[in-house]
Structures are given as C-alpha cells and as structure tokens.
Amino acid sequence: MEKFKLSENIDPNKVFIVNRSELIGKLSPNIYANNFHFKSKIYPLFKLADLAFINPTTTFSNIQQQEDITFIPMEAINQNLGIIDVEYTKKIEETKGYTKFKENDLIWAKITPCMQNGKSAIVRNTINGYACGSTEFFIIRCKTNTILIEYIHFILRDKRILKTAMNFFGGSAGQQRVSKDFLLNLLIPLPPLEIQQQIVDLYEKAYTEKQQKEAEAQKLLDSIDDYLLGELGITLPKEEEHLPQNNDKNNSYNLDNDNPLVKKGRLFLTNLSEVTGKRIDPYFYKESFKKAFSLIEKSQYPICKLKDISEKITSGITPLSGGDSYTNIREGIPFIRSGNIDINGNLNFEELLYLKPKIHNTIMKSSQLKKNDLIVAIVGATIGRVGIYLDNIEANINQAIALIRLKQEINPEYMKELINSSIGQLNLNRLKRPVARANINLEELATVVIVVPPLEKQNEIATYISQIRSKANILMEQGEECLEKGKQEVVQMILGN
C-alpha cells in the first residue's frame, strides 16, 4: 500500500505527517515538530517510564521528626556541572510541602528557565539517605538494574533533549513547566551496562578536561584585579584587617572591644557629623569601608565621582509583561535586562525581549543606548555586573540597569574594568541598600569613587586586560571543544553510526 504523501509545495515546518504509533495522547503540533530522540541503530529503544519511576512516592516514616536530612533548593544545583554544590539541612518535621526523594535519585527541574539552563543532578551524600527540596523538581529513580542513573542523567542533560522538552511546556508565560508526559514518553536507547559505564566514564573524562581548562582561564581572570590595583598604586585591606577597634579614649562612650559584635564589625560608633543629611543605615558606615576608601584616595592618580566624568546617568523602565509594548525579533528593538550581563561583562543576546519601536521612541526615549555606553546592574542579585554596549543598532534597557554615557576623555573599556574591579565593587557594595531586594538609586550611583589616570594610561590598562580576557576566552573555548568532542564520541557509541 502506498504511503500518504504531502504536496511538495507545503511548508514542512507547518504541515507534516506523524505516525499514529508516535502519538502520546496530545495532539498539539508543537510536540511533534522537530522532536528529538536518540534513535540508535544498534540498541533497542525504551520509554523512560519503562526503565525508571517518575515522581515515585518517598516517605520518611523510619526517621525521627527531630532528625536532619539533606535539603536541596533549586539554587543548590550547579547548572553548568549538573551537581549539587551547596549543602543545606532540614529536620523531618520541617519537610512538609517539599518534594521528597532519596540517595541516587535524579532530580530534574521542570520549570522555566531552570529546565533549559540544565538544573539537574544526582542526589549523593545525603544525611540519613534521604532528602527533600523544591516542588519544581521531577524525581527519576531507576526501576531496573539494567540501567545506570548516570546514563539517564547524560541523556536528560543533552541540549537537544532540553529543547524538545520546551514543546511540552504548559502554564502561564512566566511560570511554564514541562509536562510529566515528556519524561514518561521519552525514548532512549538501552546499551548493555558495560557500554553504559563506558559512556558515563568517557563523558566524565571530557567534563574533567573542560573543568581544567576553565580553571586555567579563571586563574588568568583572577589576576586582573591585582594588575589593575598595582597599576593604580592601590592596596586594599584584606577582610580580616577590617575589624574595627575603638581605642578613642576621648570618646564620651566607649564600646567593649571584647564584645563579639564589636569584633565582627556589627557594633561601632560613628560621629553625628558623618551621618547628618545622609544615609543612616549602619552598613554604610562600617569601619571596613572607611579604611578601604582612605587607601583608594592615596592612589597616585586623581580621584573624582562618577558623575564628574559622565555625560549622562539614567535607567530604563519595564513595560507590563502582559501589555502590548513587546513585539517579535524582526520588528522590535532589543530590550536588555540585568540577566543579559554575565559576570565577565559580556552581553548575552540569546534570550532578549523586543520592544515595539513606538515604545522605544516615546516613553523610553531617555534610556536609548548608544555605542560605548556602560550598562550596570543596580537591582537584585546581579548588582555590580557591568558591560559595554558595542553595537550600532538601536537598543534599550529596563529599570534594573543604569546607563552611563562617559565623557570623551574616558576610555569606556578602562571604566568597565574599574567598576568590575574590587574598587568598583567595593563602591557598589557599600551603596546597595541591605533590603529584601538590594538596589542602588541613580543619585547614589553618581557618587561612586573613580580613579582617573591620563587617557594614555587608561588605554594601556584596558589593552592589557583585554589581552588577558582573550587568553581566558581561548581556554574556555578549548574546554568547550573537549566536552563537545567527548559528547560526539558518546553519541556515536549510542547511535551506532
């Protein structure tokens, strides 16, 4: 019997044929478009549900209520390494409402963006053999001794698998979650155990090589701060040197220097003249800040405020997420948020929103970016991240970012590195308000202390640091190549190509 065929004039990305046997109970075309499975030529395919339990029931009935077990919130998982790198505990009586699992279970984030970022790990080294954690985890547990949990983890960390999982998203735009159907129906090849172990070993070897390259790169990046401070003639105190000592015998009120709070710098005296008309939160007046800034002022180069070398300091706004201010990539203006700036000052344009040109040119006109503008995160966990906008195309920023347009005699690359250094971060760390969601307002940002060498020296410093970052980037790329090569070898083993 001849198979049904579609006309060659039909767009295969919009109209396509799926075998009835491939249907999984849902008829949404997105689920079947560009769906990826490891289809091996040499090993049989099984649904994951045939090999592993998905969200199995776990009870703590054999553990006393006052005993501790391991607690794993989402932030405890290193998404780059696929491991749990932060340890927490909770007592059994505190575990109500959390997802329960145990030693050697695989936890896999179901919510966006954690899922596509690779938030998954095998639970190891638990207290009492059990753990609890975020309700946004799927729990995967081997139901047969024919498969290794490490092998399943490798499959579920593959970027093509993660991309396919996005077809199974449900829920609101900001809180989308992968349907359990994705895991239940995921097809994976099942090699013999010894081949699975070879696959796991090969992948781990490639990952180790990648980590070694990254460690070399990080060593280079860590050297930048010492170089910059050395060129500016500044030596900042170490943390242990920050402890305040109240030895002023003429002061009308003396604190007990043996008091633990005094030793930790949490209890100290400040003159009224220092706080009149200014901020009054104790954090701002810590002795460690005073000592550090007194050393910065001893630099061999002039000191000024950020506002003195800037033509403009402003921030953007964020239109309502459910409104009509946004459009698609073809018609829109790139809208940069703090999450688009990484810790090394690079801008990531892969996950941008796009504004309608009308919004960009009216209510957000004052925050339009120009080439060589500095952009600094001033809200939340990303405070202090700084990058340079190096494109000529139009773009805009949200309210969590400050735009700094420098005067011509200032090298923006030098200024980026200065703000990124311990000097700049010290400034921003002092200015941020210690509240639930830390923030720095523009008026305070303008007071950041800046060291300004001659332009020729700025250029020299910027060029040298740029060379260090280039070497580090090469090492990072080599690490990625090691991992990618290992992945390709593993895939060839699985597929039998």
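I then looked up Q116, which at 23% relative accessibility counts as partly exposed.

**Ground rules.** I am working with a predicted model, where local features need pLDDT of at least 70, side-chain atom pairs count only at pLDDT 80 or more, and totals for chains, interfaces and linings use all residues. Residues are numbered from 1 along each chain as its sequence is written, and side-chain values use heavy atoms, with hydrogens and water left out.

**Overview.** I found 15 helices and 23 strands in the protein. These are DSSP runs numbered from the N terminus (helices are H or I, at least four residues; strands are E, at least two). Of the 497 residues, 44% are buried. I also checked contacts (heavy atoms within 4.5 Å). Among those between residues at least 6 apart in sequence, 75% join residues at least 24 apart.

**Around Q116.** I placed Q116 in helix α3, residues 114–117. Setting aside neighbours within four places in sequence, I see Q116 in contact with L162, M166 and F169. T164 is 48 residues from Q116 in sequence, yet their C-alpha atoms are 9.8 Å apart in space. In the loop between β8 (106–109) and α3 I came to P113. A cis peptide bond joins T112 and P113, with omega about 0°.

**Helix α7 and its partners.** Which way does α7 run against α15? I found the two roughly antiparallel, a word for angles over 145 degrees, while under 35 counts as roughly parallel, 65 to 115 as roughly perpendicular and the rest as oblique. Helix α7 and helix α15 (residues 455–495) pack at about 175°, with axes 8 Å apart. By class, this contact has 25 nonpolar, five polar and 13 charged residues. For the classes, Ala, Val, Leu, Ile, Met, Phe, Trp, Tyr, Cys and Pro are nonpolar, Asp, Glu, Lys and Arg are charged, and the others, Gly among them, are polar. Axes are lines fitted to C-alpha atoms, for helices over the stretch in contact, and angles run from 0 to 180 degrees between N-to-C directions.

Next I took α7 (residues 193–232) with α12 (residues 412–420): the axes come within 10 Å and cross at roughly 110°. The two helices are therefore roughly perpendicular to each other. On the α7 side I224, L228 and L232 meet Y414, E417 and L418 of α12. That contact has five nonpolar, no polar and one charged residues.

**Rings.** I count 10 aromatic pairs, meaning rings of Phe, Tyr and Trp (its six-membered ring) with centres within 6.5 Å; planes under 30 degrees apart are stacked, over 60 edge-to-face and the rest tilted. Y203 and Y207 have ring centres 5.6 Å apart and planes at 75°, so the pair is edge-to-face. Both tyrosines, Y203 and Y207, are buried. Elsewhere, ring pairs link W108, F138, F168 and F182 into a cluster.

**Helix α13.** Is α13 enclosed or open? Seven of the 10 residues of α13 (residues 422–431) are buried, so the helix is largely enclosed by the rest of the structure. The buried residues of α13 pack against elements including α7, α10 (287–296) and α12.

N55 has a phi near 60°, positive in a residue other than glycine, and is partly exposed at 31%. N125 likewise is not a glycine and has a positive phi of about 55°, but at 70% relative accessibility N125 counts as exposed.

Methods: Buried means under 20% relative accessible area, exposed over 50%, partly exposed in between (1.4 Å probe, protein chains only).
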